Amino acid sequence: MDELQKIPQATARRLPLYYRYLEHFYASGKTKVSSTELSNAVKVDSATIRRDFSYFGALGRKGYGYDVQRLIAFFRKTLDQDEATPVILIGVGNLGKALLHYNFGENNNTRIVKAFDNDEAVIGKSIGGVPVSHMDNLKKEVDESIWAAIVAVPSTAAQEVADRIAGTPIEGILNFTPSRMTVPSHIRVHHIDLSVELQSLIYFLKHYPL
């Protein structure tokens with residue numbers, strides 16, 4: 001984590017994207033890749049990729065490109081992909097259920113290990129292999145091994161959930177609600193507003209055709 005804190009946040013956000021596509025390259029049999037090839041895959045200009053990589057020293061050679069297996073090993077270590085990362089889910093509605101069944105696929109080190117809701121229809125059940133508990137058990141069931149929470153509740157409940165999370169060891173929230181949360185300074189929130197992303201996509205389709 002210390003390494004990531006020393007580089008620009010924009011670069012840190014792109015690292016998981018690079019890692020994902022490098023794994024695709026490796027699975028297809030590629031042993032080396034140029035910044036131009038990676039640029040075409042991730043849709044980030046090659047100059048930005050070279051600058052991002054330069055923060056970590058000499059990862060490639062001029063005229064040769066980047067060794068795919070070496071880069072995968074480097075980013076796996078940098079992104080802590082060798083360590084399992086347990087997270088919790090709060091909100092087991094339609095989106096929450098979909099996230100539980102998906103649970104980040106087989107090739108990702110992140111796993112939803114517990115889910116919480118107030119709906120008696122799901123409490124006590126196991127969805128996608130993940131047990132669902134009542135929200136009142138949040139503080140009791142979340143210990144220091146869990147750093148992050150995914151929040152997929154109605155927007156009217158978002159701040160109440162954030163307040164409850166603040167009483168646990170959790171340090172990060174992935175917020176799927178359109179509401180902005182007020183949290184203590186030690187908690188980082190990343191927002192994913194699906195309606196905003198869709199509106200942005202439609203705008204680009206209309207005004208910036210490929």
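This is a predicted model: local features need pLDDT of at least 70, side-chain atom pairs count only at pLDDT 80 or more; totals for chains, interfaces and linings use all residues.
1. Start with Asn 103. At 11% relative accessibility, Asn 103 counts as buried, because buried means under 20%. Its place is the loop between helix 6 and strand 5 (110-117).

2. Phi of Lys 43 is positive, about 65°, although Lys 43 is not a glycine. It sits in the loop between helix 3 (35-42) and helix 4 (46-54). Is Lys 43 buried or exposed? Lys 43 is exposed, with a relative accessible area of 70%.

3. Now the overall layout. The protein is divided into domain 1 (9-76) and domain 2 (85-195). The centres of domain 1 and domain 2, taken over C-alpha atoms, are separated by 31 Å.

4. UniProt lists residues 17-56 as "DNA-binding region", in an unreviewed entry. What does the chain look like over residues 17-56? It is 70% helix and 5% strand there. The end C-alpha atoms of this stretch are 16 Å apart.

5. Look at Leu 38 in helix 3. Leu 38 is buried, with a relative accessible area of 0%. Which residues does Leu 38 touch, not counting residues up to four places away in sequence? They are Tyr 18, Tyr 21, Phe 25, Val 33, Ile 49 and Phe 53. Compare Leu 38 with Pro 209: the two are 171 residues apart in sequence, and their C-alpha atoms are 22 Å apart in space.

6. A second annotation deserves a check. In an unreviewed entry, UniProt places a "binding site" at Gly 91, Val 92, Gly 93, Asn 94, Leu 95 and Gly 96. Val 92 is in the loop between strand 4 (85-90) and helix 6 (94-102). Val 92 is buried, at a relative accessible area of 3%. Leaving aside neighbours within four places in sequence, Val 92 has contacts that include Leu 100, Phe 116, Val 122 and Ile 127. Asn 94 is found in helix 6. Asn 94 counts as exposed, at 72% relative accessibility.

7. On to the salt bridges. The count comes to six. One of them joins Glu 23 and Arg 76, with the closest N and O atoms 3.6 Å apart. Why does this pair tie together parts that are 53 residues apart in sequence? Because Glu 23 lies in helix 2 (residues 9-27) and Arg 76 in helix 5 (residues 68-78). Glu 23 is partly exposed at 25% relative accessibility. Arg 76 is partly exposed too, at 27%.

8. Asp 136, Glu 160 and Arg 164 are linked in a network of salt bridges. Arg 164 meets Asp 136 at 3.3 Å, N to O. That pair links distant parts of the chain, 28 residues apart: Arg 164 is in helix 8 (residues 158-165), and Asp 136 is in the loop between strand 7 (130-134) and helix 7 (138-141). Glu 160 bridges to Arg 164 at 3.8 Å. Glu 160 and Arg 164 both lie in helix 8, four residues apart, about one turn of the helix. Asp 136 is exposed at 54%. Arg 164 is partly exposed at 29%, and Glu 160 is partly exposed at 46%.

9. Finish at the surface. Leu 198, Leu 201, Ile 202 and Leu 205 make a nonpolar surface patch of about 380 Å². Leu 205 is found in helix 9 (residues 194-207). Leu 205 is exposed, with a relative accessible area of 58%.

Notes: Residues are numbered from 1 along each chain as its sequence is written. Side-chain values use heavy atoms; hydrogens and water are left out. Patches are made of residues with over 30% relative accessible area and no salt bridge: like charges are joined within 9 Å, nonpolar side chains (Val, Leu, Ile, Met, Phe, Trp, Tyr) within 5 Å. Accessible areas come from the Shrake-Rupley method with a 1.4 Å probe; for residues, only the protein chains shown count as cover. A salt bridge is a side-chain nitrogen of Lys or Arg within 4 Å of a carboxyl oxygen of Asp or Glu. Helices (H or I, at least four residues) and strands (E, at least two) are DSSP runs, numbered from the N terminus. Buried means under 20% relative accessible area, exposed over 50%, partly exposed in between (1.4 Å probe, protein chains only). Domain bounds come from an automatic or database domain assignment. UniProt positions are given in the numbering used here, feature names are shortened, and annotations may be inferred rather than shown by experiment. Contact means heavy atoms within 4.5 Å.
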